[in-house]
Amino acid sequence: MKKLAIIFGIMSLFIACNSNTKKETSVETKSTTEAPITTKPEVRVQAQVIQLDETQYRNQIFDYVQNTQQWVYKGKRPCVVDFYAEWCRPCKMIAPYFDTLAIEYAGKVDFYRVNVDEARNLSQIFNIQSIPMVMFCNSQKAQAASGAYPIQFYRNMIDSLLVK
């Protein structure tokens, strides 16, 4: 019985050591074959809300200096622009909504924030009198909603206006 226990112990030790060696080998093999070299450029999908100033807004969304009479959208995808202020409680309340929505609609809709205190000229041009004001933009038009709403309201607006 003693011999059987010793043999069983040695076999268990041998199997345990042998299985660890195999795992290490497979890990080493995996790391050397991982991440093949590709020549294609990576397509970057935006999954965050990007802060814009007035100049960036003009370059990426709408140049209101050049196009005073009609909407000419400059973006590649539809976008949502959250006009906010640091001191605004409703703005702070809905800000996490857009972080969530940016992830949900990544690759389909771009999300931006504009601080109205820093972009006063932009606030005057769009006649922003109350915040938060959220603008839904595509190549045909821009539509705004003023006030703080539940996240489902913004989803519905995005689905009906931007992602059809």
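Before anything else, a term: a strand here is a DSSP run of E with at least two residues, and strands are numbered from the N terminus. I also remind myself that this is a predicted model.

**Entry 1: one arginine.** I looked up R113 and found it in strand 3. Is R113 buried or exposed? The cut-off for buried is under 20% relative accessible area. R113 comes out at 14%, so I call R113 buried. Its side chain makes a polar contact of 3.3 Å with the side chain of D99. Skipping neighbours within four places in sequence, I also see R113 in contact with residues including V49, L52, D82, Y84 and F98.

Entry 2: I traced an open sheet of five strands, in the order 1-3-2-4-5, with mixed pairing. Strand 1 and strand 5 sit at the edges with a single partner strand each, so one side of each has no neighbour in the sheet. On average, neighbouring strands are turned by 25° against each other, direction ignored. Strand 4 and strand 5 pair in the antiparallel sense over five bridges. I checked V134 too: its bridge partner in strand 5 is A145.

**Entry 3: the helices.** Helix 3 packs on the sheet, touching strand 1, strand 2, strand 3 and strand 4, and its direction makes about 155° with that of strand 3. I counted 16 residues in helix 3, spanning residues 89–104. Which residues of helix 3 are buried? I noted C91, I94, A95, F98, L101 and A102. Their cover includes helix 5, along with strands such as strand 3. Helix 5 itself lies across strand 2, strand 3, strand 4 and strand 5, at about 25° to strand 4.

Notes:
Residues are numbered from 1 along each chain as its sequence is written. This is a predicted model: local features need pLDDT of at least 70, side-chain atom pairs count only at pLDDT 80 or more; totals for chains, interfaces and linings use all residues. Side-chain values use heavy atoms; hydrogens and water are left out. Helices (H or I, at least four residues) and strands (E, at least two) are DSSP runs, numbered from the N terminus. The expected span of a helix is 1.5 Å times one less than its number of residues. Buried means under 20% relative accessible area, exposed over 50%, partly exposed in between (1.4 Å probe, protein chains only). Contact means heavy atoms within 4.5 Å. A polar contact is a pair of N or O atoms within 3.5 Å; within protein, one must be able to donate a hydrogen and the other to accept it, and residues adjacent in sequence count only if both atoms are side-chain atoms. Two strands pair if DSSP finds at least two bridges between them. Axes are lines fitted to C-alpha atoms, for helices over the stretch in contact, and angles run from 0 to 180 degrees between N-to-C directions.
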